[in-house]
Amino acid sequence: MKIRFLVAGLIVGLGGFGGLQATAATTSTVATPYREGQLAGLTNVKQVSSSKTVTLDLVLNTRNSAKLTQTAYAVNTAGNRQFKSYLTPKQFRQKFGQSTTTTKRLAKYFKAHKFKVTTFNDGLIMQIKGSASAVDKTFATKLKTARYHGTKIQYSKKTPKLPKNVAKPIKAVVGITNLVKLSSLADTASTTTDGPTSDGAPQNFLKQYNATGLTSGNNGSGQTIGIISFSKVNKSDITHFWSAEGVPASANRISVKSTGGMNIWGNVDPGNAETSLDVEQAGALAPKAKIRVYTASLSDVGWLNAFATAFGENKASTLSLSWGLSEGVLQSLNQYHVLTPLYGSIMNTLLAQGAVQGVSTFAASGDTGAYGEELAKNGDVDEGIYANFPANNPWVTATGGTTLPVEGTLADGAEVKITKERTWGGDALFDAYAQDRAFFQKNSDLMSMLQSGSGGGISTLYATPQYQKGVSGVNTYNARQYLNSDGLPQLNASLITGKASGRNYPDVVADADPLTGYDDYNSSDGWSTVGGTSVVAPQFAAMAAVINSDRSKRMGLWNPQLYALAQTSQSPFTKLDSDTNNGNLYYVGQPGKTYNQAAGLGTVDFDQLAKVFK
């Protein structure tokens with residue numbers, strides 16, 4: 001299952017100083033909202049109904065932000081005197097969030113303006129919910145909707161404003177303006193089955209990556225795995241899967257926390273398939289762990305609230321996310337004065353909170369290889385070499401994908417033969433494509449497989465983190481242009497070398513190719529074999545829970561130790577570093593180097609990882 005969404009909700013910066021008693025005449029302009037003059041081709045323009053409920057997030061300024069970064073590294077770096085000195089949410093707020101005095105003053109102000117106010121306990125996020133008329137009056141806006149190149153959007157005719165003294169502790173307001181583009185890459189060439197298969201059993205992950213010794217004594221007992229999802233939860237589907245796979249199938253293992261927000265116009269209902277897949281995989285590998293699903297609306301507000309809730313509760317020692325969006329989309333929206341650059345900064349602060357609290361957060365790296373989408377000003381969508389967010393964030397462990405050895409014959413007689421584990425990429429099928437191009441071009445599933453692969457690359461949003469600096473292969477790359485501008489295979493692509501600077505991802509990889517994938521069940525589609533890096537993220541979250549179940553202290557953010565261990569004789573990694581037959585549609589391996597953007601540090605020997613991870 002590979003679902004990702006592209007969401008851009010306006011995040012607008014605020015400034016100013018003073019007390020809450022200042023008059024509205026002393027106002028602070030809110031930057032870069034959609035305005036009618038910037039949106040060519042608007043049709044069906046309407047004023048938002050005054051009674052319509054609008055949900056916004058107030059993102060508050062982080063206190064001691066430089067110290068937050070230092071702390072996140074310190075508590076997760078072996079040998080540092082603060083190592084494993086994780087903070088509680090209360091301690092996090094005391095050091096980095098706004099005080100209860102400040103949030104109470106803000107809550108009083110917005111309640112007086114007829115908003116319902118919810119304050120998250122990190123002191124960084126406040127949700128306000130009220131009518132459109134309350135928004136217009138409080139922020140001096142005039143909310144409208146329109147069709148914009150086929151998409152329904154909300155925007156403000158007027159530039160939003162707040163009293164300067166109200167704005168003092170506020171970094172951004174999220175949700176006044178929104179634009180959402182949802183795309184599904186679900187079940188790329190998934191195979192329908194009659195029930196569980198021997199090849200697709202989730203326990204095969206344990207055998208493939210040497211975790212059977214580890215799991216024979218540990219099963220996730222006493223741990224909670226968090227799953228962030230923008231789709232529904234169907235417990236009966238999940239327990240049916242567990243029962244069929246021989247896993248304890250109690251629905252009591254699963255709890256659901258709704259995290260607020262509201263659905264944005266234009267969203268489709270994503271159903272429950274992604275959530276079922278994530279919980280099924282995590283619960284099968286850590287059969288005694290509890291699963292806490294944080295459901296959110298498919299919106300910018302929902303995204304922030306999900307992370308703020310998970311870290312604020314601090315129940316989950318490990319967290320998995322199988323959704324993402326392209327850096328190209330973020331860049332486009334900023335370029336067209338739709339989205340402030342604060343978006344990446346806000347998410348960075350939230351994810352750093354998880355790191356200082358010792359939460360191991362895993363994010364799927366994406367299923368379109370090195371490619372991501374960008375939005376053109378005329379509403380078109382183009383593709384380019386873009387990183388995937390938030391897998392590109394330094395405070396998450398980005399999980400990419402591989403293909404296991406497999407051989408067989410397609411319906412037309414074309415042979416597929418992969419002799420060893422490699423990075424998941426459509427080029428693995430190029431030999432079969434060369435045997436019968438017409439057959440592939442007539443089959444949309446096969447063409448989709450040629451255009452799919454493990455996400456990986458170099459971020460332009462986040463700088464190279466400390467733990468990657470000095471690691472051979474980081475910020476240098478080998479690549480092959482496996483697809484032409486029409487998305488068709490380029491056979492015998494020549495080697496390209498280059499340098500760049502930024503957060504390199506993924507960090508780790510495991511089997512994600514639908515050809516060699518895993519069992520999945522949901523009542524809408526029945527049994528199938530699926531792949532995608534969204535399978536790998538919950539698998540790694542489960543393994544963190546398994547290892548944590550034998551420890552008094554959480555593993556925390558994996559990355560600082562992973563990159564240090566990869567450079568020692570105790571390395572738990574098998575490198576996939578070949579520059580041939582090892583690509584993610586663009587990046588390939590760097591022979592002899594520790595890291596490459598196709599497969600990260602490589603596959604993990606979990607028994608060894610548990611032994612050497614401090």
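In what order do the three strands of the open sheet that contains S11, S30 and S31 lie, and is their pairing parallel or antiparallel?

Reply: The model is a predicted one, and what follows should be read with that in mind. The open sheet has three strands in the order S11-S31-S30, and their pairing is antiparallel. Its edges are formed by strand S11, residues 191–192, and strand S30, residues 518–522, each of which pairs on one side only. Between S11 and strand S31, which spans residues 526–530, the antiparallel pairing extends over two bridges, and here Thr192 stands opposite Ser528 of S31. Helix H8, made up of residues 235–244, packs on this sheet and touches S30 and S31, with a direction that makes about 140 degrees with that of S30.

The crossing of H1 and H12 is left-handed. On the H1 side the contact is made by Leu68, Thr71 and Ala72, and on the H12 side by Thr349, Ala352, Ala355 and Val356. Sorted by class, the contact of H1 with H12 comprises five nonpolar and two polar residues, with no charged ones.

One runs from Phe389 to Pro390, with omega near 10 degrees, and Pro390 is found in the loop between strand S20 (388–389) and strand S21 (397–403). Another runs from Tyr505 to Pro506, with omega near 5 degrees, where Pro506 lies in the loop between strand S28 (504–505) and strand S29 (508–511).

Ala140 has a phi of about 55 degrees and sits in the loop between helix H4 (132–139) and strand S7 (143–148); because its relative accessibility is 36%, Ala140 counts as partly exposed. Asn475, with phi near 70 degrees, belongs to the loop between strand S25 (457–458) and strand S26 (476–480), and its relative accessible area of 17% is under the 20% limit, so Asn475 is buried.

Definitions and conventions:
Residues are numbered from 1 along each chain as its sequence is written. This is a predicted model: local features need pLDDT of at least 70, side-chain atom pairs count only at pLDDT 80 or more; totals for chains, interfaces and linings use all residues. Side-chain values use heavy atoms; hydrogens and water are left out. Two strands pair if DSSP finds at least two bridges between them. Helices (H or I, at least four residues) and strands (E, at least two) are DSSP runs, numbered from the N terminus. Contact means heavy atoms within 4.5 Å. Axes are lines fitted to C-alpha atoms, for helices over the stretch in contact, and angles run from 0 to 180 degrees between N-to-C directions. A crossing is left-handed if the near helix is turned anticlockwise from the far one by less than a right angle, and right-handed if clockwise. Ala, Val, Leu, Ile, Met, Phe, Trp, Tyr, Cys and Pro count as nonpolar, Asp, Glu, Lys and Arg as charged, and the others, Gly among them, as polar. Buried means under 20% relative accessible area, exposed over 50%, partly exposed in between (1.4 Å probe, protein chains only).
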